[in-house]
Amino acid sequence: MRAIRGRLLTFLLAPRGAGDAQSYRYIDDGIIVAKDGRIEAVGPADELTAQLPADMPVEHHAGALIMPGFIDPHIHFPQTQVIASYGAQLLEWLEKYTFVEEQKFADPAHSARNAEFFLDELARNGTTTAVAYCTAHPASAEALFAAAQKRNAGMIVGNSVMNRNGPPGLLAPAPTAIADSRDLIRRWHGSGRQRYAVTPRFAITSTDQQLAELGALLKEFPTVLMQTHLDENLNEIATIKRLFPNDPSYTAVYARFGLLGPRSLMGHCIHLEDAEVALLRDTQSVAVFCPTSNLFIGSGLFDYERLNAAGVRIALATDVGGGTSYSMLRTAAEAYKVMQLQSQNLPALAAFDLMTRRNSAALGLEGEIGAIAPGAFADLVVLDARATPAMAHRMEVARNLEEELFVLMTLGDDRAVRQTYIAGEPALEVRA
Ligand SMILES: [Zn+2]
């Protein structure tokens, strides 16, 4: 057991705009009691302190804001050395950088070393759960699952399945790929905090037969998730039209193979036709907004208001290595700018709700992660809005909590993360 003390903030429902105080619970001096990895109790320090055993260690993060750990619902584990690759749009970027790098993950030692780096980097950025694409090699997913399990970190992992339009080293014939996926599901899905995601990279790299088999796999295991890419880039969409001439749209291809649904995370969703928006809404699929990636790869602007108004579920993610930062704070800052370019606003409350509660809901894990509440895992991020001279200087004139949050998301990054707790255990060396 341990007690963690500071200023506590957790979201209860989606803010209806800036200043919506009904959307969150804030305790100016609060305590979280963690036991066996989960939150046992939470409340004001003056009420809870008296109930705690005298010998219980209390970690006091004076002045800092303690929130549920961030959730990153779209990130590529094998792209930690692809991030910051110059000058290409999606299809060229895949061929020139990604497919080359991903072939190295056939080597279990390479996968294991990168898994440790990946999880360290997530923790440094306050991210406690991620939904990660691995390579085609089962060894890559295996390495990430095993490393996450050791840390008791809840990860959702899938091996990217491809059988065409890629280098031979990443292609597997359909029966092998499906057998690999089924084997990973049986061994890892529901083992400790680990979960599996069926992962067609995108429809360009799988034949009809493989997409059908992946759809069947999703049906066979009703609690596994599904992740893929959709309507990211115009050349990608033109290729889809060539490969699937009889389907009315890109989204309709996934629908035909049973790959849409409430457990389906659709990365990007930028260039959607109206019928595709309706299809996403009707199937309760999640549109995953990846702003740093969309800007860096030059894909386009995610139309948040259009999808939100249509009733499409939305999540926010980094998409490293197309994305340029592991930090969900940097990601929120770029989301804000993408929306500004379309005369839309992203209030700080809405951004932090997205990074925590709403992203957990997108994964079907609301109540388990993304909240400071009894019963939830004690996955927490401790944030310091005065972490840099520029932030501290700006904070001198911040008038309220919402302004502090906006400073954090606009100026903050890993330097603003003072500590990250995973299942109640500190994940970072305390900084001097
Ligand atoms: Zn991606």
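User: What share of the contacts between residues at least 6 apart in sequence joins residues at least 24 apart in the protein chain?

Analyst: With contact meaning heavy atoms within 4.5 Å, 76% of the contacts between residues at least 6 apart join residues at least 24 apart. This is a predicted model, in which local features need pLDDT of at least 70 and side-chain atom pairs count only at pLDDT 80 or more, whereas totals for chains, interfaces and linings use all residues. Residues are numbered from 1 along each chain as its sequence is written, and side-chain values use heavy atoms, with hydrogens and water left out.

User: What makes Phe11 and Tyr24 an edge-to-face pair?

Analyst: Rings of Phe, Tyr and Trp (its six-membered ring) pair if their centres lie within 6.5 Å, with planes under 30 degrees apart called stacked, over 60 edge-to-face and the rest tilted. The centres of Phe11 and Tyr24 are 6.1 Å apart and the planes 65° apart, hence edge-to-face. Phe11 lies in strand E1 and Tyr24 in strand E2, so the pair ties together parts 13 residues apart in sequence.

User: Why is the pair of Phe289 and Phe302 called stacked?

Analyst: The ring centres of Phe289 and Phe302 are 4.4 Å apart and their planes at 10°, so the pair is stacked.

Note on methods
Helix = DSSP H or I, 4+ residues; strand = E, 2+ residues; numbered from the N terminus.
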